[in-house]
Amino acid sequence: AITAEHYERAGDHERAVEYSRRAARSAEGRYANATAIEYTGRALAIPGVAADPRKRCSIYLIRTWLFDLVGRRTEQQQCAEAWEQAARELGDEGELATVLFAQAMLASRRGDEAGSLALALQAIDAGERGGNLAIAAQALGQVAWVRYTEGRNDEALVHSRTALARIRAAPADGSVRHRALFEVQLTALLGMIELAAGQPGAALRTLHHGLALARQRGNQRSVCHMLESIGSIAYSCGRYDEALALNQQQLELGKAMGVSTIIGWAHHQIGRTLTDLGRHDEAAAHFDQAAALAQQNEDRQLRALALGRRARITAPLRSAGQLFDEAQQVLSAKTSAGAQALLLTWRAEVELDAGELDAARRTLDAIDQGLQSSTFAAEDEGRLRGHWLRYRILAATGELAAARAELQQAQALLHSSLAGYDDDTMRRDALERVALHRDIVEAWAAAQAAG
């Protein structure tokens, strides 16, 4: 930064820009993100930069990335728009592809998956035209992500595997940016989709491979994403101590880097596990921190989930209801039906536990309406918990035949969701260690025994 200032005073603007970029990269490497943002701001103000679209593009790339790290979405959007303008002025399709991909990621973070898909497809076209094959592959990975959020896991698997193969085959020349980083990110994505497709064994192998790659290449942010995904697998199988340890590592690393998005999701994951362990006071503190960071980062889905999970462990019912209302208001029309379904099932569960059977029944009826037009992966939990709660309501009101039918549907859905598991130990753990699954299995066994 001092060297850049000297060159600027001497009128050597070319070197002043270069050393400002180096100072920003150095600050980013030390996780001094605010300092890096300051350096890139200074670089934009150097005489001659405004008239040179290529210099502006190189600065906007770093600056957009930095705003993403600290969750400053409005400034990130403004920076990306200025970057796009510079890329179009430059007439560089490869550069434009990078901008469009960055905008696709931002749209996804804001819950606009349809907008993200449109931008990702544009990025693929621009990348292929401009020879930026690494970005084209990464954008195809974003297409895979959108298909995953839609529950179209077969398509998502094909896209993610193709994207990973393309990034590995991309020529290792100067036009291919961040190839190693992209390979790690696409490996993480593939692992997540394999898990959603009922292949937890394959997912675990993929993610551990990705974790080793990330550590080998010193990519701490990708290490965090791998830890979060591996922790989710452990959680889904009821291996709560393992999940806590992994998410705690994620949290500490996120704090060391100062990346608020990683910190927020780590708090959410830890709170989720603590809830299942019955440690509600500790869980509530983590959900509160996750919700606050999500608001700062304009992450609607995380904020809604954190508020909803916080409401599940809040008493009395009136206070929980206020939190549920706030969570549902946070979600926009662009947010998936899966998140909506989870909130409603949690609300119905709280109402049922409070003895409000009619209110719980009305809430469950709203879930069916919300799921008719979507197949997001998270809906399986929404549907499963919905059948279980209806069984409990009907059993409590003496409607035994209807209750048995709901229980049978819950049991069938549970076993169908686990039938494709490629690891017998993980399937057994999911059945025996996860409370909801265990309750369904035990209730069905008792119903069968009773005839």
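Helix axes here are lines fitted to C-alpha atoms over the stretch in contact, and the angle between two of them runs from 0 to 180 degrees between N-to-C directions. Keep that in mind for the first pair. One caution as well: this is a predicted model.

Start with helix 6 and helix 7. Helix 7 covers residues 113–130. The two axes come within 8 Å and cross at roughly 165°. Angles over 145 degrees count as roughly antiparallel. Helix 6 and helix 7 are therefore roughly antiparallel to each other. The crossing of helix 6 past helix 7 is left-handed.

Who touches whom? On the helix 6 side, the residues in contact include Glu93, Gly94, Ala97, Leu100 and Phe101. On the helix 7 side, they include Glu113, Gly115, Ser116, Leu119 and Arg129. By class, this contact has nine nonpolar, eight polar and three charged residues.

Next pair: helix 8, residues 133–149, and helix 10, residues 179–196. They pack at an angle of about 20°, with their axes 10 Å apart. That makes helix 8 roughly parallel to helix 10. Here too the crossing is left-handed.

Look at the side chains. Helix 8 brings, among others, Ile135, Gln138, Gly141, Trp145 and Tyr148. Helix 10 answers with residues including Phe182, Leu186, Leu189, Met192 and Ile193. What classes of residue make up the contact of helix 8 with helix 10? Twelve are nonpolar, three are polar and none is charged.

Now to charge. Side chains of opposite charge can pair when their charged atoms come close. How many salt bridges does a search of the whole structure find? It finds 29.

First up, arginine 54 and aspartate 92. Their side chains meet in a salt bridge at 3.5 Å, N to O. This pair links distant parts of the chain, 38 residues apart. Arginine 54 sits in helix 4, residues 53–70. Aspartate 92 lies in the loop between helix 5 and helix 6.

Now glutamate 89 and arginine 56. Their closest N and O atoms are 2.8 Å apart. Again the pair links distant parts of the chain: glutamate 89 is in helix 5, arginine 56 is in helix 4, and 33 residues separate them. Glutamate 89 has 47% relative accessibility, so it counts as partly exposed. Arginine 56 has 9%, so it counts as buried; the cut-off for buried is under 20%.

Then glutamate 155 and arginine 152. Their salt bridge spans 2.9 Å, N to O. Glutamate 155 is partly exposed, at 31%. Arginine 152 is partly exposed, at 33%. Elsewhere, salt bridges that share partners join Asp68, Arg73, Arg109 and Arg221 into one network.

Last stop: leucine 418. Where is it? Leucine 418 is in helix 21, which covers residues 400–419. This leucine is buried, with a relative accessible area of 5%. Which residues does leucine 418 contact, leaving aside neighbours within four places in sequence? They are Arg427, Ala430 and Leu431. Take the alanine among them. Leucine 418 and alanine 430 are twelve residues apart in sequence, and their C-alpha atoms are 8.2 Å apart in space.

To recap the helix pairs: helix 6 and helix 7 are roughly antiparallel, and helix 8 is roughly parallel to helix 10. Thank you.

Note on methods
Residues numbered from 1 in each chain as written. Predicted model: local features only at pLDDT ≥ 70, side-chain atom pairs only at ≥ 80, totals over all residues. Heavy atoms only, no water. Helix = DSSP H or I, 4+ residues; strand = E, 2+ residues; numbered from the N terminus. Parallel < 35°, antiparallel > 145°, perpendicular 65-115°, else oblique. Left-handed = near helix turned anticlockwise from the far one by under 90°. Contact = heavy atoms within 4.5 Å. Nonpolar A, V, L, I, M, F, W, Y, C, P; charged D, E, K, R; others polar. Salt bridge = Lys/Arg side-chain N within 4 Å of Asp/Glu carboxyl O. Buried < 20%, exposed > 50% of the residue type's maximum accessible area, 1.4 Å probe, protein only.
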